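Please walk me through this structure, starting with the sheet and then turning to the aromatic rings.

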Amino acid sequence: MDSSFPTVSELVAEARRLYGEEFGGEAPRVAACAPGRVNLIGEHTDYNQGLVLPMALPLVTVVVGSQTSGQDVTVVTTTKDADEPRRVNFSLPSDGSPLAPGSPKWANYVKGVIQHHRAPPVPGFKAVISSSVPLGGGLSSSASLEVGVYTFLQQLKQDDGDKVSKALACQQAEHTHAGVPCGIMDQFVSVLGREGHALLIDCRSLEATPVPLTDPNLVILITNSNVKHSLTGSEYPTRRRQCEEAASILGKESLRDATMKDLEEARARLDDVTYNRARHVIEEIERTVHAAEALKRGAYQEFGQLMVESHNSLRDLYEVSCRELDELVSAAMEVEGVFGSRMTGGGFGGCTVTLLQASATDRAILHIQERYSGTPTFYVTTPSDGARALSLL
Ligand code: ADP
Ligand code: MG
């Protein structure tokens, strides 16, 4: 069973080759990469100012390119959604007016990052993007694209280097140019991820605590369901709104400030759906704190139990799972040596994350593959570094 993926050097080589082809044999001068991420626990809590526990992945987006003398930007991607052109060309407005989103859609992430760069204006450039992060699979190809482009641009136009501000700028890019009102988790961990660690991020204070995750007997297995239900686009803003409504009924600034006691006391003033959404968020924040402690103690069984509780809550209370994700989690939990498994990312398709004994990996992959009604893709992953400039020597 193949659970491998291209290395950073292989992606750079691919991008360099394409750059030469696209730009008359020229060679790119600078390069950067930024990782996708997997969230171990703390789902749909970031936009409620709660806690999340993601790690950066060895799956990355690479950007190679060069500054040009004019105001023109040309970007080519090796990976894109069906039907969209893989090359885009646009001009940077010389009068400082905003760079409008348009078509192709994938280029809006690039435009957003240019718009929100913290040391404007950025110069014209040519670039090629290559990536091993699956698109729309819940491993945050979007944040890795934004942060990859930002890290590339930092080499053409330096900003003050503040990493949290960089993550916030990339989040803004996704809000204003891709129209996705995402929380801060994805961009934060893509910028600040650390090899050998998960990051416990407090999405209110924007403080992050690295939690070591280097036990060689432990594996983090990601399974891509390879399905994506079209609900995702509309359901995400709906969930956000429901959480804001719940917080406002409870008289809190966000659900981060609410307890289960507050929620029970306000029960009569909440409809069932709003109650369920709020209950998921409040309990998920508690689970995340508890899970980070368990991980520090090496209490994997306990961590795994919390992962399963998180999945069940996302399925039953938050209603963002789907048949395929439930199947993958059930199949994983049947394997001896598996500590826990859950859907990860926004939901309605995408990936599950499974924590298991390293010795159980092959067995788990085979069993999940056998039991799943679709065609899964597997990634055996380790916690990796955040975005960085790459040498092209
Ligand atoms: P996720 O972040 O979970 O992968 P999103 O729907 O948030 O899913 O983002 C996926 C979108 O990001 C794609 O549809 C595409 O527009 C854009 N994207 C991500 N990576 C790339 C890439 N390497 N090249 C072009 N577009 C990309
Ligand atoms: Mg995304």
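What is the bridge partner of Asn224 in S11? The model is predicted, and in it Thr377 of S11 is paired through a bridge with Asn224. S11 runs antiparallel to strand S8 (residues 218–228), and five bridges join the two.

These strands belong to an open sheet of four, ordered S9-S10-S8-S11, with antiparallel pairing. Strand S9 (338–344) and strand S11 (377–381) each have a single partner strand, so they stand at the edges and one side of each has no neighbour in the sheet. From one strand to the next, the twist averages 20°.

Two helices meet this sheet. Helix H9 (residues 300–316) lies across S8, S9 and strand S10 (349–357), at about 30° to S9. Helix H10 (residues 323–333) packs on the sheet and touches S8, S9 and S10, but its direction makes about 170° with that of S9.

Now the rings. The whole structure contains five aromatic pairs. One of them is the tilted pair of Tyr19 and Phe23, 4.7 Å centre to centre with 55° between the planes; both residues are buried. Another, Tyr47 with Tyr236, is edge-to-face, at 5.3 Å centre to centre and 70° between the planes. This pair links distant parts of the chain, 189 residues apart: Tyr47 is in the loop between strand S1 (30–41) and strand S2 (51–67), and Tyr236 is in helix H6 (residues 232–249). Buried means under 20% relative accessible area, so Tyr47 at 11% counts as buried, and so does Tyr236 at 18%.

Charges also sit over rings. Arg239 lies over the face of Tyr318, 5.8 Å from the ring centre. The charged end of Arg267 is over the ring of Tyr275, at 3.9 Å from its centre.

Technical notes. Residues numbered from 1 in each chain as written. Chains lettered and ligands numbered in written order. Predicted model: local features only at pLDDT ≥ 70, side-chain atom pairs only at ≥ 80, totals over all residues. Heavy atoms only, no water. Phe/Tyr/Trp six-rings, centres within 6.5 Å; stacked < 30°, edge-to-face > 60°. Buried < 20%, exposed > 50% of the residue type's maximum accessible area, 1.4 Å probe, protein only. Lys NZ or Arg CZ within 6 Å of the ring centre and 35° of its normal. Pairing = 2+ DSSP bridges. Axes fitted to C-alpha atoms, helices over the stretch in contact; angles between N-to-C directions. Contact = heavy atoms within 4.5 Å.
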